[in-house]
Amino acid sequence: MKIGVHPNNLHLRLARLWPGAFVDLQPIFVSYAEGRDTAALLESGDIDLGGTGSTPPIEADMRGLGVEYIAASAPRPANGAIFVRSDSSIGSVAELKGRRISLIDGSFHTYLLARSLEGEGLSLPDVERVESGARDALADLLEGRVDAWVAMSPRLEKALERDDVRPIVRCGAAIPNRSLFWTLQRNGLSATETRAIVSELSRIGTEIAADPRAAAGLLASGDRGGSGNRGGTDVDAWEKVVRSRDFTVFPIDDEIIAEQQEEADTLLRHGHFAKPIVLKRPEMTK
């Protein structure tokens, strides 16, 4: 089985380094740059399984690719925030109207921004979204090229320790922010394979929680030459990241599909999507 690994999905990034991970599925771990590439790699057959935030699979379904959800993490409320400079006049999300916001558009950043704005009677067209991509978004914020920055782990934890930026909203106040593990129906994973995926993700998550220091050491060492290599973040910093999240994983269920449907409906209201979509319930995906 070809399992996609990108830097921002720590569960699969750790699975790649974890002893004995997915051994019964004869895994081939495929590195790639970011979660938004997952659908294209699944479509081309370069990977059989990917893990992302909540938004990329909805984007894939909007393209008619036929997403099959396999598993979900527990909510990860600490994994995202919107920052402004400490000396900014912006004191709340309501004051983002007309401002330039740096984010990875089409990731969970878009949903976090949309839900945060919606709570203040605003919508995505009320701000200017600036794609951060591979740019140094923190430098863009500090140097005034943008007015706010949607950040995620591990840079979020570092930003929280700084004196020159401050958060105006945290993920947990706006969205569940789960990791979703998914494929496309066309890839034809069997029920036995999907159960094995859930079982392995759950096992690895339990072992990560039991020894977060070991997990942090693996992350600090980098992915040994893959595109996920982010060596340089020290073990102590990674341990904070690992301890801040719940690595519990469970099979997809109606609650998760309902959350995904709510996100799809929200992004439609904000004009991010041009048409509605009705997501399939788990029992309809086999």
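## Basis of the description

Helices, of at least four residues, and strands, of at least two, are DSSP runs numbered from the N terminus. The structure described here is a predicted model.

## Backbone: two residues with positive phi

Most residues other than glycine have a negative phi. Gln 26 has a positive phi of about 45° although it is not a glycine. This residue belongs to the loop that runs between α1 (10-17) and β2 (28-31). Gln 26 is exposed, its relative accessible area being 66%.

Asn 177, which is not a glycine either, has a positive phi of about 55°. Its place is the loop between β9 (165-170) and β10 (180-184). Asn 177 counts as buried, because its relative accessibility of 6% falls under the 20% limit.

## Aromatic pairs

A pair of aromatic rings is described by the distance of the centres and the angle of the planes. The model contains two aromatic pairs. One of them joins Phe 22 and Phe 29, with ring centres 6.4 Å apart and planes at 70°, so the pair is edge-to-face; the cut-off for that class is an angle over 60 degrees. Phe 22 is buried, with a relative accessible area of 0%.

The other pair consists of Phe 83 and Trp 149, whose ring centres are 5.7 Å apart and whose planes meet at 35°, so the pair is tilted. Phe 83 belongs to strand β5 (residues 80-85) and Trp 149 to strand β8 (residues 148-152), so this pair ties together parts that are 66 residues apart in sequence. Phe 83 is buried, at 0% relative accessible area, and Trp 149 is also buried, at 5% relative accessibility.

## A charge over a ring

Which residue lies over the face of Phe 247? Arg 76 does, at 5.2 Å from the ring centre.

## Packing of α1 against α7

Two packed helices are described by the angle between their axes and the distance between the axes. For α1 and helix α7 (residues 191-210), the angle is about 90° and the axes are 10 Å apart. This makes α1 roughly perpendicular to α7, because angles of 65 to 115 degrees fall into that class.

On the side of α1, the contact is made by His 11, Leu 12, Leu 14 and Ala 15. On the side of α7, Leu 201, Ile 204, Gly 205 and Ile 208 take part. The residues of this contact divide into six nonpolar, two polar and no charged.

How values were computed:
Residues numbered from 1 in each chain as written. Predicted model: local features only at pLDDT ≥ 70, side-chain atom pairs only at ≥ 80, totals over all residues. Heavy atoms only, no water. Buried < 20%, exposed > 50% of the residue type's maximum accessible area, 1.4 Å probe, protein only. Phe/Tyr/Trp six-rings, centres within 6.5 Å; stacked < 30°, edge-to-face > 60°. Lys NZ or Arg CZ within 6 Å of the ring centre and 35° of its normal. Axes fitted to C-alpha atoms, helices over the stretch in contact; angles between N-to-C directions. Parallel < 35°, antiparallel > 145°, perpendicular 65-115°, else oblique. Contact = heavy atoms within 4.5 Å. Nonpolar A, V, L, I, M, F, W, Y, C, P; charged D, E, K, R; others polar.
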